[in-house]
Amino acid sequence: MATEDILAPLASTPPQETFVLNLGPQHPATHGVLRVKMTMDGEYIVRAEPVCGYIHRMQEKMGENRSYAQFLPNTSRIDYLSALTYTHAFVGAVERAARIQVPPRAEYIRVVASELNRISSHLVWWGAFLLDLGGFTPLLYAFDDREKILDLLEGITGARLTYSYFRIGGLYNDVDDEFIKGTRAFVAHMRPRLKMYKDLVTDNVILRKRLIEIGPISQELCRLYGATGPVIRGSGVPYDVRKVEPYSAYPEFDFEIPTLPEGDSMARYLVRMAEMVQSLRIIEQALDKLPAGPVMAEKVPRVLKLPAGDFCYAVEAARGRFMVRIVSDNKEIPYRVKLRTPCLSNLSLFEEASRGMLLPDALALMGSLDLVIPDIDR
Amino acid sequence: MNAEPNSAGAPPATKPAATLPAPAPAPAPLPNPLAHLPLPFQAVDYFLKGYHLDASVTPDQVVSAAELLGKEGFALDTITGVDWMALGQMELVYDYFHPQRFLRVVIRARIPRDNPEIPTISKVFPGANWHERETHDFFGICFLGHPNLMPFLLPEDATYHPLRKDFTA
């Protein structure tokens, strides 16, 4: 018998033995309590099924039990890394329903604070992502820079992580000269730092080999799963709520939407790095043009009753599109609060995108999605 | 918890409002850009509601509505329910956004509260899978034809549906 004949049946029937690998719910690479049930064929993933709900808190039921103002602190505890943008969506929905006109100064400060928050959120992602890939040092640099943002935000909001700074109709308080000076100094400090991050990390050949052409996500996959944020922009779609559905004071600033067509993990990485530069640009412009005036709308009623109907407000959070839908029946307490979070949609494509990947590559893909688990579980 | 602390006379230091906010221009609802679709769209003022088009369809139309919107390039934003207990109805709300256009579409369907069943759209939008599982968790709405209607956020042995208005912990 010829050698080919002996080998032929082996080649056409690969071994059918698979095993289940349980990743999480406590695993460093999942950044929180996410569990992934992986069916493995050796090192290759046959099926990866995320199991969610380990820190589910039923935020939406809490929303039906308290007034609009009382629910406000909850919104900063969904995605705790970009709390301000989430608060923005909630107060925006209430203001839209109650037809409250927010003073321009308040909107500008909201933009400055949100963009600072976006940079701090991207810095945490950057450090933690590189930690997943095996590089420890960048985390320390990232947290050093993030600390400066937290100090700035603490000065105006009084909190370091879960801010309730945006209030229905405006802001909790005005910014002082110290904040403006400090923010300008931070912008000047951050630009050379980002250059250094590029030289030290982004251009590193090991990092590039771990990310380029790893975990490709197509435009169509993003659309079918509703993925947004850096995920869809890394697949070549310039979808950013700040541009596509303009809100707050964003139309008044000149900034770009970084978009890359490759769709791999490197594209998502580069999009976030470029977004930080754009955020610095927005902050600088907003401080230059900061209008004078009050930071709270006049005549915001103490007991707020929204007209009957449903009202949506979407923002571009650090991880993508976050939308609040309030259904009101003309009472002080919402009838229904729906929180549409970006991480849930972004993670839902993981099962399809990770099929056939090597396990370490799949972890690079998962890290490039930038998951915050309380944002999925709510 | 108090949302309106500084509402009166709060802004320190800064000069009195030199530029008082001009009332936002409220443009009239645009003509329906999806008029060629056989769906009962109503144009809505985006600046008042946060979406452009609103259509109430029958429960068996949600799948064809999803197909039509999918062909137009829409992406699924989210799916949720609203429990209208007094009316004995459950409302399904399907939110869509367009990745390239400033266009938000809402599709609604109402189903009886005592027998909440509606076809799944997860065959059109695979991303609907998780949203429907979540809606099943919270409202007990059964999505017919769903591949895996297991608890998503609630514990795997949960027998309750917390967003039903008659649910008490």
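1. Confidence first. This is a predicted model, and it scores ipTM 0.85 and pTM 0.85. Chain B has an average pLDDT of 80, with 81% of its residues scoring at least 70. The stretch to treat separately is residues 1-23 of chain B, where pLDDT stays under 50. For that stretch the model has 39 contacts beyond four places in sequence.

2. Chain B in outline. I count along with the assignment here: 3 helices and 7 strands, which read along the sequence as β-α-β-α-β-β-β-β-α-β. Chain B has 169 residues, and 38% of them count as buried. If you take the contacts in chain B with a separation of 6 or more, 48% are between residues 24 or more positions apart.

3. The sheet of chain B. Five strands of chain B make an open sheet with mixed pairing, in the order β1-β2-β5-β4-β3. At the edges stand β1 (41-43) and β3 (75-84) of chain B; each has a single partner strand, so one side of each is left without a neighbour in the sheet. On average, neighbouring strands here are turned by 20° against each other, direction ignored.

4. Where do α2 and α3 of chain B lie? Helix α2 (residues 62-71) of chain B lies across β2, β4 (89-97) and β5 (104-112) of chain B, and it runs at about 170° to β5(B). Helix α3 (residues 128-139) of chain B lies across β3 and β4 of chain B, running at about 10° to β3(B).

5. A sheet in chain A. Over in chain A, there is an open sheet of 3 strands in the order β6-β7-β8, with antiparallel pairing. Its edge strands are β6 (309-317) and β8 (336-340) of chain A, each of which pairs on one side only. Neighbouring strands of this sheet are turned by 10° against each other on average, direction ignored. Helix α4 (residues 83-98) of chain A packs on the sheet and touches β6 and β7 of chain A; the direction of α4(A) makes about 150° with that of β6(A). For the strand pairing itself, 5 bridges join β7 (residues 320-328) of chain A to β8(A), and the two run antiparallel. If you want a pair to look at, A:Arg325 has A:Lys338 in β8(A) as its bridge partner.

6. Helix against helix. The axes of α4(A) and of helix α5 (residues 104-132) of chain A come within 7 Å and cross at roughly 140°. On the α4(A) side the contact is made by A:Ala83, A:Leu84, A:Thr85 and A:His88, and on the α5(A) side by A:Arg110, A:Ala113, A:Ser114 and A:Asn117. By type, the residues of this contact are 3 nonpolar, 4 polar and 1 charged.

7. Two backbone spots to check. A:Arg99 is not a glycine, yet it has a positive phi of about 55°. A:Arg99 is placed in the loop between α4 and α5 of chain A, and it counts as partly exposed because it has 13 C-beta neighbours inside 10 Å. A:Asp370, also not a glycine, has a positive phi of about 60°. The place of A:Asp370 is in the loop between α15 (359-368) and α16 (373-377) of chain A. Is A:Asp370 buried or exposed? A:Asp370 is buried, since 28 other C-beta atoms lie within 10 Å.

8. One last residue. A:Glu220 sits in helix α9 (residues 219-225) of chain A. With 9 C-beta neighbours inside 10 Å, A:Glu220 counts as exposed. In sequence A:Glu220 and A:Asp145 are 75 residues apart; in space they are 36 Å apart, C-alpha to C-alpha.

Methods. Residues are numbered from 1 along each chain as its sequence is written. Chains are lettered from A and ligands numbered from 1 in the order in which they are written. This is a predicted model: local features need pLDDT of at least 70, side-chain atom pairs count only at pLDDT 80 or more; totals for chains, interfaces and linings use all residues. Helices (H or I, at least four residues) and strands (E, at least two) are DSSP runs, numbered from the N terminus. A residue is buried if 20 or more other C-beta atoms lie within 10 Å of its own, exposed if 12 or fewer, and partly exposed in between; C-beta atoms are placed from the backbone. Two residues are in contact if their C-beta atoms, placed from the backbone, lie within 7 Å. Two strands pair if DSSP finds at least two bridges between them. Axes are lines fitted to C-alpha atoms, for helices over the stretch in contact, and angles run from 0 to 180 degrees between N-to-C directions. Ala, Val, Leu, Ile, Met, Phe, Trp, Tyr, Cys and Pro count as nonpolar, Asp, Glu, Lys and Arg as charged, and the others, Gly among them, as polar. pLDDT is the predictor's confidence in each residue, from 0 to 100.
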